[in-house]
Amino acid sequence: MAPYFLQNLIPRGERHENARPLLVALREVTWVQWGLYFSGWLSWTCDSIDFFSVSLSVTHLEAQFNRSTHDITTAITLTLLFRSVGGIIFGVISDRYGRKWPLIANLVFIAILELGCGFVQTYKQFLAVRSLFGIGMGGVWGMAASNAMENLPVEVRGIASGFLQEGYAVGYMIAAVINLFLVPEVGAGWRSLFWAASGISLFAAFVRLLLPESAMFLRANAIEASMGHDSSKKTKVFIQEIKLMLKKHWLLCIYGILFMTGFNFISHGSQDLYPTFLTVSKGLSNRDSNIAIIIGNCGAVAGGVFAGWSSQYIGRRLSIIVQVIIGIMRNSLAFIPLWILPTSFRGLAIGAFCIQFGVQGSLGVIPIQLAEMGPPAFRATFAGLVYQAGNMISAASAQIEATGGEHLRKTVVQDGKLVDVPDYATVQGILIGATAAYTIIITILGPENHSSRFEKHKTAFEEGAADDEDILAGKDEVTIEILSTDGSSTPEQKQPSISKAEIA
């Protein structure tokens, strides 16, 4: 008999026997729920714009600070290293105090730092600001994913996961568009990209300000208030429960970090140095490079939404594995050679679309897989920890490729002359192929909790939260109305099944 982790890859009918059709579930989503989802998506999109501002500006930053590609990519490495700090800090704050105000504070923080990036004058100042920016950036994903996913019906979460994750690709596209049309036209040059990113982050904070707190936190606060628990009591319980959670789930946390390490290596290995690869190794103009990036990220969006949708029917892990195999592991036949071998704009653009369809397609399942796999009461903490710790381990992706390119070189024809350039194509192909194989193995070995009703669990500041027990199913109902932005009640958002015994 096959091992359990292999048997569990087979789609199980009982996961869907009580599920509503997707279109029916979509029609039942309220405007407030859509608003919360959009806010999470927009926050993650801003995160991407802010991050890829450096990747798109590498050549400009080299000239500005008179530094090598390796030195400039140190800023990318530092950002990724410090993201784990932000993931833990803001994840814990979000699970304790709610999704709304911690996310707003986080977005304002990164907006200030991104604004500061546009004013730096020295290389050391740039590294310092990008390091601090990593802390702010690290906090966004866990809160954005929790804010978006926990307010949607379970039948919608697969496709919603794919589109949410591809806010990262959309953000890259927006940054490329700004870099294509704004940067060459203004005197500030590359600095204008950072300033524009700062303004978009402030807009995302304003959008979140207009929306109410997540429904599950309003429910939990109402229960705690009825029991006479003040803020100090909730904080004491929270600290106790998070200790119990770590004691109970330490092995799962380690697995989650190893799981996300593979995905982050694939993602950053195929994206962070890609603009430099196009301009330096392939000789494309900045204009054609930006257009190729936009086309590649269109493939990312398509792949992510497709994988998220399919995961609702064939399972999270199987969808990831299929997407990686189709999109990446066939590199020996098509994708990676198509990505790295062409020298024309058309060939490189097609290759970019194909590789990102696979890379970001597999990542499209990540928001819902982590939400279902992790401790229900600590979704923001768990997701932020494992996602950003994986980022920390893969932080040197761009520097690995830059160093490899310095040692592995080739000769190309540019303007009728033979020029010696770094062979980033081969280096990136090797890195992505190796990490894709690792990712498939670690995914097969891992757990899955398809269609988990995590929104029905206790919040992290309620006693018993670390026990992971569903306290709502099958109990008497007490409903709590959620207010829309104009102050009117939205009955569709009433929360089901709170035990009266819990409030008494």
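Helices here are DSSP runs of at least four residues, numbered from the N terminus. The model on display is predicted.

**First stop: Gln369**

Select residues 366–373 to bring up helix H18, in which Gln369 is found. Next, colour Gln369 by solvent accessibility. Is this residue buried or exposed? Gln369 has 0% relative accessibility and therefore counts as buried, the cut-off for that class being under 20%.

Now display the surroundings of Gln369. Leaving aside residues up to four places away in sequence, Gln369 touches Phe259, Arg316, Arg317, Pro447 and Glu448. From this set, pick Pro447 and draw a C-alpha to C-alpha distance to Gln369: the two lie 9.4 Å apart in space, with a separation of 78 residues in sequence.

**Second stop: the cavities**

How many cavities of 30 Å³ or more does a search of the whole structure find? The search returns four. The largest cavity holds about 70 Å³ of space.

To centre the view on the largest cavity, select Tyr172, Ser270, Tyr274, Asn297 and Gln356, which lie nearest its centre among the 12 residues of the lining. Then show three helices as cartoons: H12 (231–271), H14 (286–314) and H17 (345–363) are the elements that each give two or more residues to the lining of the largest cavity. Of the elements concerned, H14 supplies the largest share of that lining, with four residues.

Finally, colour the lining of the largest cavity by residue class. Seven of its residues are nonpolar and five are polar, while none is charged.

Notes. Residues are numbered from 1 along each chain as its sequence is written. This is a predicted model: local features need pLDDT of at least 70, side-chain atom pairs count only at pLDDT 80 or more; totals for chains, interfaces and linings use all residues. Side-chain values use heavy atoms; hydrogens and water are left out. Buried means under 20% relative accessible area, exposed over 50%, partly exposed in between (1.4 Å probe, protein chains only). Contact means heavy atoms within 4.5 Å. On a 1 Å grid over the protein atoms alone, a cavity is a set of points where a 1.4 Å probe fits but cannot get out, and a pocket is an open set with protein on both sides within 12 Å along at least five of seven lines; lining residues have an atom within 4 Å of a point. Grid points are joined across faces, edges and corners, and a volume is the space filled by probe spheres set on the points. Ala, Val, Leu, Ile, Met, Phe, Trp, Tyr, Cys and Pro count as nonpolar, Asp, Glu, Lys and Arg as charged, and the others, Gly among them, as polar.
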